[in-house]
Amino acid sequence: MDYNSFIENFKEQFIDADEISVDLGTKFRDLPTWDSLTGMSVLVMIKDEYEVDFSADELKRCNTVQEVYDLIKEKQQA
Amino acid sequence: MKRAVIKALDYYLPEAILTNEQLASEYPEWSIDKISAKTGIYKRHIAAKDEFSGDMAIKAAKNLFKNHNIDTGSIDYVLLCTQSPDYFLPTTACIIQDKLRLSKRCGALDFNLGCSGFVYGLGLAKGLILSNQAENVLLITSETYSKFIHTADKSNKTLFGDAAAATLVSIDGENGLNGEILQFEYGTDGSGANSLIVKNGGARSNFMRSQNVSATEPGDDNLYMDGKAIFEFTAFEIPGLVKETLKRNNVSIEQIDLFVFHQANQFMLNTVRKRAIIPEEKFFIHLQDCGNTVSSTIPIALKEAVSQNRIKKGNKVFIAGFGVGLSMGATILQF
């Protein structure tokens, strides 16, 4: 899993993906179009692309894109 | 070989409209514009206090008969899909037979399904026709979820609208829409029953509803939806359903001219569309003015697609319904 494709996949889940910029340090909850639907979409993306089970509660504990990335990595190695 | 075809479609929307402006003034903290940009819903029609599924079903059927010049004497079976029947018994479809003055030699029954109901109804109608039990089946979907939704439940109020749709499914015939109903795929996962449920009113609550009108929070009398569970079911199960239905019909995704899915909400539909790798230009969305009307979304969208000339003779149209149950079904219509 490389950083760039992960950031791209993460960004794709926002309805205004073409207009926002996202990097590892982005606090995704602060983006104006973030809401629970975006969250569901992110969880679906993670299950699909990275084949790990990531719960809504786990996502709730993450604030930055980096934290999501790290937790996926951790789960993949487990 | 006999065929079962959709000959005509029509629908009825109740008069009263719940607009985004009304929702915004009722719930100032609810950022309705942002939400609508995602759901794709701007208005919903709401059944009057004294208007019930049976009434709406009759109005939809009358629209169908009148606008498509259908001889009511030809109807020999009525199927009504509803989760808000007028009574525990008798079957609302029997009342409809009488109110529409249909033949007394009609068969009539209700079946209880939600968002997958239209597809299941087509499956039942096709079975009746191909087994020589009927020639002209009146399939009605009619739902008043608004009566289940608690007044403080702004999420569900934002999504759901009331509506009824009437579809004539007939034995082979060149006139009308002539959309042949091809092969089906179905799916059920009852382990998700609690994800979308109205608990009270059935035998398990001793047929009681608490009817606590002063309750400030939704309770067991009301519609409960675990949005996340439904989203996951849809996102993970529907792409497989699409694949299996295509396989069963021996067609490729490229051969489908239009996809008309249950119109749940735009955001979820887009997620499913991307996961099923369906091109956006082949994916029909019709939610703006009526919201999620449960079992009527597919027939309403089909009728709109026909009138917008998005469905033409020779087209293959893929339809899929999914939701409460949890239940899903899909088929292809060959116009």
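A salt bridge, as I use the term, is a side-chain nitrogen of Lys or Arg within 4 Å of a carboxyl oxygen of Asp or Glu.

**Ground rules.** I am working with a predicted model, where local features need pLDDT of at least 70 and side-chain atom pairs count only at pLDDT 80 or more, while totals for chains, interfaces and linings use all residues. Residues are numbered from 1 along each chain as its sequence is written, chains are lettered from A and ligands numbered from 1 in the order in which they are written, and side-chain values use heavy atoms, with hydrogens and water left out.

**Salt bridges, chain A.** I started with the total: 14 salt bridges over all chains. Side chains of opposite charge can pair when their charged atoms come close. I looked up K60(A) and D57(A), whose side chains meet in a salt bridge at 3.9 Å, N to O. Where do K60(A) and D57(A) sit in helix α3? I found them three residues apart in that helix (residues 56-60 of chain A), so about one helical turn separates them. Helices here are DSSP runs of H or I with at least four residues, strands are E runs of at least two, and both are numbered from the N terminus. I then checked accessibility, where buried means under 20% relative accessible area, exposed over 50%, and partly exposed in between (1.4 Å probe, protein chains only). K60(A) is exposed at 61%, and D57(A) is partly exposed at 46%.

**Salt bridges, chain B.** Next I noted D172(B) and R3(B), which form a salt bridge at 2.7 Å, N to O. D172(B) is in the loop between β7 (163-171) and β8 (179-188), and R3(B) is in the segment before β1 (4-12), so this pair ties together parts of chain B that are 169 residues apart in sequence. D172(B) is partly exposed, with a relative accessible area of 38%.

I also found a salt bridge between E29(B) and K154(B), at 3.7 Å, N to O. This pair links distant parts of the chain, 125 residues apart: E29(B) is in the loop between α1 (20-26) and α2 (32-39), and K154(B) is in helix α6 (residues 154-159). E29(B) is exposed at 57%, whereas K154(B) is partly exposed at 22%. Salt bridges that share partners join R3(B), D172(B) and E180(B) into one network.

**Between the chains.** How many residues of chain A are in contact with chain B? I read 15 residues of chain A against 12 of chain B, with contact meaning heavy atoms within 4.5 Å. Two salt bridges are counted between the chains. I looked up D48(A) with R275(B), which meet at 2.1 Å, N to O.

**Aromatic rings.** Rings of Phe, Tyr and Trp (its six-membered ring) pair if their centres lie within 6.5 Å; planes under 30 degrees apart count as stacked, over 60 as edge-to-face and the rest as tilted. I get 19 aromatic pairs over all chains. F184(B) and Y186(B) are stacked, 5.5 Å centre to centre with 10 degrees between the planes. F184(B) is buried at 11%, and Y186(B) is partly exposed at 39%. In chain A, one aromatic cluster includes Y3(A), F6(A) and W34(A).

**Charges over rings.** I count a charge over a ring if NZ of Lys or CZ of Arg is within 6 Å of the ring centre and within 35 degrees of the ring normal. K75(A) lies over the face of F54(A), 5.7 Å from the ring centre, and K38(B) lies over F267(B) at 4.6 Å.
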